[in-house]
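Good morning, and thank you for coming. I would ask you to keep the sequence and the structure in view while I speak.

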Amino acid sequence: MFSDYHCHTNLCGHASGEMEDYIAAARLKGLQELGFSDHLPMYWLPESERNPGLAMSEQELPFYVAKVIKLREENNDLSIKLGIEADYIPGNNTALNRLLALYPFDYVLGSVHFVNGWAVDNPANKNEYEHINLDEIYAAYFSCLQSAARSGLFNIMAHPDLIKKFGYRPKSDLTFLYEQTARIIAKANVCIEVNTAGLRYPAREIYPSLELLRLFKKYGVPATVGSDAHLPEQVGEDWEEAALYLKEAGYREVAAFSGRRLTMVKI
Ligand SMILES: [Zn+2]
Ligand SMILES: [Zn+2]
């Protein structure tokens, strides 16, 4: 199954291209399934503090949903999914749940982009990695990812080791943290995403690392594949590499979603 479950659109304020452009790119590359998963409005902040360069507004959300549904009906040669990428911000589960329940999403990607209010993947914060304690930030990041999985709000944990984006890695052994994370995600019945965007950044590695992916496999955590496309030409990017990587970790199937229900399909 050649699918991409992680695509943005120009609605989020930092991606380019209309949905139609992403669909055209998917068709050109021969994808069978394309899932839109643009950034959910910043529900944890008052509207006046939300950054239009990070996510769509709450007024835009119904238009996003309606447009994906309309395009799904108009493009029968491609399976188009209505997804969304939602930030996990501790203490705001009720607000998130309320917003997600309003729309018929096929799946919800859960992302940890903020740890204690600090944006882990924002290029403006890159230099701070030089000064912070990497063991502590990794532990805090994975603890947040574990809570997100346990929240029951998400179907798929996106880019599970996003914290490595800028190539900063602690010297200590991460096996315990990884194993604990894989066990918790498995117990929470949540999938993980194999996200090829890590190859575009200094991490120079798919999210998650092969070591972590093997542990997800060991504990029976299903996976989806996503490019995290913010440009139409990034749709399906490095998909072959992701498929090989999944096989190397022991996977033979990937997860697909409809109406938030999971089915497994051959890679
Ligand atoms: Zn984005
Ligand atoms: Zn993300």
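**Helices and loops of the model**

The buried residues of helix H1 are covered by elements that include strand S1 (3–7), S2 and H2. Please bear in mind that this is a predicted model.

Which residues of H1 are buried? They are Met19, Tyr22, Ile23, Ala25 and Ala26. Viewed down the axis of H1, these buried residues fall within an arc of 160°, so they line one face of the helix.

Glycine 30 is placed in the loop between H1 and S2.

H2 comprises residues 61–74, which is 14 residues. From its first C-alpha to its last, H2 reaches 20 Å, close to the 20 Å expected at 1.5 Å a residue. Its buried residues are Leu61, Tyr64 and Val68. Those residues cover an arc of only 55° around the axis, which puts them on the same side of H2. Among the elements that cover them are helix H1 (19–29), strand S2 (33–36) and strand S3 (79–87). What does the face of H2 turned away from the buried side carry? That face carries the exposed residues Pro62, Phe63, Ala66, Lys70, Glu73 and Glu74.

The next topic is a pair of helices. Two packed helices are described by the angle between their axes and the distance between the axes. Helix H4 (residues 134–150) packs with helix H5 (residues 175–187) at an angle of about 10°, and their axes are 9 Å apart. Angles under 35 degrees count as roughly parallel, and H4 and H5 are therefore roughly parallel to each other. On the H4 side, the contact involves Tyr138, Ala139, Phe142, Leu145, Gln146, Ala149 and Arg150. These meet Leu177, Thr181, Ile184 and Ile185 in H5.

Finally, I would draw your attention to some backbone details in loops. Most residues other than glycine have a negative phi, and most peptide bonds are trans.

Where is there a cis peptide bond? Such a bond joins tyrosine 207 and proline 208, with omega about -5°. Proline 208 lies in the loop between strand S8 (191–195) and helix H6 (210–218).

Aspartate 238, a residue other than glycine, has a positive phi, near 60°. The loop that holds aspartate 238 runs between strand S9 (223–226) and helix H7 (239–248). With 19 other C-beta atoms within 10 Å, aspartate 238 is partly exposed.

Arginine 260 is not a glycine either, yet has a positive phi of about 65°. Arginine 260 is found in the loop between strand S10 (253–258) and strand S11 (261–266). Inside 10 Å, arginine 260 has 14 C-beta neighbours and so counts as partly exposed.

How values were computed. Residues are numbered from 1 along each chain as its sequence is written. Chains are lettered from A and ligands numbered from 1 in the order in which they are written. This is a predicted model: local features need pLDDT of at least 70, side-chain atom pairs count only at pLDDT 80 or more; totals for chains, interfaces and linings use all residues. Axes are lines fitted to C-alpha atoms, for helices over the stretch in contact, and angles run from 0 to 180 degrees between N-to-C directions. Helices (H or I, at least four residues) and strands (E, at least two) are DSSP runs, numbered from the N terminus. Angles under 35 degrees count as roughly parallel, over 145 as roughly antiparallel, 65 to 115 as roughly perpendicular and the rest as oblique. Two residues are in contact if their C-beta atoms, placed from the backbone, lie within 7 Å. The expected span of a helix is 1.5 Å times one less than its number of residues. A residue is buried if 20 or more other C-beta atoms lie within 10 Å of its own, exposed if 12 or fewer, and partly exposed in between; C-beta atoms are placed from the backbone. The arc is that of the directions from the helix axis to the C-beta atoms.
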